[in-house]
Amino acid sequence: MGVLCLRGPVPPTDNRVARTGSFTAYPVRVPDRPDALTLLQRATAHLAPHLPVLTDLGERFTAAGHELALVGGPVRDALLGRAIVDLDLTTSATPDEILALLEEWGSATWDVGREFGTIGARLRDVVVEVTTYRADAYDPSSRKPVVAFGDNLDDDLARRDFAINAMAMRIPDLTFVDPFDGLGDLLERRLRTPSTPEISFSDDPLRMMRAARFVASLGFVVTEDVQAAMSDMADRIAIVSAERVRDEITKLMLASRPVDGLRLLVDTGLAAHVLPELPALQLEVDEHHRHKDVYEHSLIVLEQAIALEGPREVREVGEVEPIEGPDLVLRLAALLHDIGKPATRRFEAGGGVSFHHHEVVGAKMTRKRLRELRFDKETIKAVTRLVELHLRFHGYGGGEWTDSAVRRYITDAGPLLGRLHLLTRSDCTTRNRKKAERLARTYDDLERRIATLLEAEELGKVRPELNGNQIGEVLGIAPGPVLGRAYQHLLQVRLDEGPIGEDAATERLLAWWADQPEATR
């Protein structure tokens with residue numbers, strides 16, 4: 001066992017710590033293994049800013065007769081050189097004892113996780129969560145864990161999801177604890193479970209989805225036994241609540257490499273239980289390959305949409321509205337835009353294949369799936385609308401749309417226009433370079449026209465040129481369904497003809513009114 005010194009700005013009271021100038025050297029015991037030492041040295045800069053707080057807490061818990069250790073995510077992320085967002089700690093203290101110690105230390109505490117042994121606290125801008133050693137397991141027929149508190153760190157680490165999350169650092173003495181070689185897994189970029197995968201996934205089936213999320217976010221690969229267990233136990237995911245499944249899907253979709261995680265979900269059969277529309281895209285391709293592999297196409301569209309997130313420009317227009325990534329709505333729409341194809345596939349005379357109205361069917365399927373996953377109403381509405389609109393551009397052809405049609409495109413997309421731009425551009429996966437360039441030029445032309453109309457007419461705020469009160473006065477009618485129809489008529493006039501002025505709008509309104517049955521009453 002060797003020693004690595006981490007340096008922080010505030011000296012602890014431990015007299016074994018060597019002071020070097022204005023900093024303090026914190027000795028960390030590490031395995032005598034060159035590659036492990038390199039990994040731990042990389043963690044130094046990421047842990048150092050947190051060492052004063054951790055040391056202070058460690059001394060408080062030790063003085064009270066308890067053990068305390070930094071555990072899981074923050075240890076893993078420090079070793080990977082990633083930013084440490086949360087300070088998660090585990091202890092031999094009971095929830096009541098944790099609460100008492102944190103009340104003395106912090107400016108605020110909360111115990112919403114008390115049932116599971118977790119107490120949270122804040123001191124200025126530092127937030128910590130401290131959890132009693134655990135040894136829990138899932139009842140095979142229950143959605144909720146049966147909580148049992150443990151009495152030692154090794155047992156607590158053994159019940160964690162993956163070896164890379166089963167590393168800890170005891171504090172205040174900063175002893176590195178890695179009973180399941182999580183360091184080795186980090187170096188090999190692999191995902192293993194501390195116990196057998198079958199035991200781990202039986203304890204909490206959501207861990208199978210978490211494996212896919214880590215593949216997507218860390219770029220790791222699951223071991224063969226982990227993947228086999230995921231395949232064998234995929235149906236166990238049914239006992240997990242839709243909300244927890246949704247949260248994992250969200251994290252996966254917002255990761256840097258979501259396609260890798262999605263492939264794992266499909267390959268293991270988990271997607272068939274949580275997102276069945278995705279594997280259903282693996283349509284049997286006819287022997288003459290007259291249509292694309294819709295599954296592969298959808299994954300490519302997702303990757304291309306991600307690549308377009310952030311600042312961009314359109315020729316002759318300059319900067320256009322950016323969609324900052326990671327954008328959940330755009331990514332979900334890119335993944336799901338073609339899920340209506342299996343239900344609408346038709347083999348035409350002469351050997352062709354069609355998917356008529358798949359965007360309409362797909363929008364309905366998208367709404368149903370996202371509702372079942374308990375996504376919020378705004379996300380459901382936005383993703384569904386993008387799926388519904390994703391083919392609209394293809395009516396643009398060679399640029400034959402009138403200004404009226406462009407206005408409708410803008411107003412139908414509404415606040416989703418920026419995302420629709422990216423989704424439409426991403427939906428080109430042809431290997432024909434000339435065709436791809438032609439489509440890109442055509443969409444460049446549409447975006448130029450949109451930019452021009454938006455600047456000239458403020459279509460984002462488009463309204464009829466007569467408001468509801470004015471319409472009522474002109475027609476002599478009270479507010480109600482008839483006035484609503486009149487308002488919609490003038491809105492369509494505005495979209496068709498652009499700004500025409502109040503006098504002309506009044507003429508159009510009266511001409512419309514003359515043909516309405518209510519006008520003769």
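Trainee: Why does R374 count as partly exposed?
Mentor: R374 has a relative accessibility of 44%, and the partly exposed class lies between buried, under 20% relative accessible area, and exposed, over 50%, with a 1.4 Å probe and protein chains only, so R374 counts as partly exposed. This is a predicted model, in which local features need pLDDT of at least 70 and side-chain atom pairs count only at pLDDT 80 or more, while totals for chains, interfaces and linings use all residues. Residues are numbered from 1 along each chain as its sequence is written, and side-chain values use heavy atoms, with hydrogens and water left out.

Trainee: Which peptide bond is cis, with omega near 15 degrees?
Mentor: That is the bond from I171 to P172, and P172 is in the loop between β11 (168–170) and β12 (175–177). The bond from G325 to P326 is cis as well, with omega near -5 degrees, and P326 is in the loop between β16 (318–319) and α14 (328–336).

Trainee: How are the helices and strands of the protein chain counted, and how many are there?
Mentor: Helices are DSSP runs of H or I with at least four residues and strands are runs of E with at least two, numbered from the N terminus; on that basis the protein chain has 23 helices and 18 strands.

Trainee: What makes α18 roughly perpendicular to α19?
Mentor: The axes of α18 (residues 403–413) and α19 (residues 417–426) come within 8 Å and cross at roughly 110 degrees, where axes are lines fitted to C-alpha atoms, for helices over the stretch in contact, and angles run from 0 to 180 degrees between N-to-C directions. Angles of 65 to 115 degrees count as roughly perpendicular, so α18 is roughly perpendicular to α19. In α18, Y409, I410 and A413 meet L417, L420 and T424 of α19, contact meaning heavy atoms within 4.5 Å.

Trainee: Why is a set of residues called a nonpolar core, and how many residues has the largest?
Mentor: A nonpolar core is a set of buried Ala, Val, Leu, Ile, Met, Phe, Trp, Tyr and Cys residues joined through side-chain atoms within 4.5 Å. The largest has 122 residues, and those with the most contacts inside it are L79, L102 and V128. Its largest share, nine residues, comes from helix α8 (residues 206–218). Apart from this core lies another, of 12 residues, among them L466, V482, L490 and L509.

Trainee: Which residues of α4 are buried, and what do they pack against?
Mentor: In α4 (residues 95–105), P95, I98, L99, L101, L102 and W105 are buried, and the buried residues of α4 pack against α2 (51–63), β5 (87–91), β6 (108–110), β7 (118–123) and β8 (126–132).

Notes
Angles under 35 degrees count as roughly parallel, over 145 as roughly antiparallel, 65 to 115 as roughly perpendicular and the rest as oblique.
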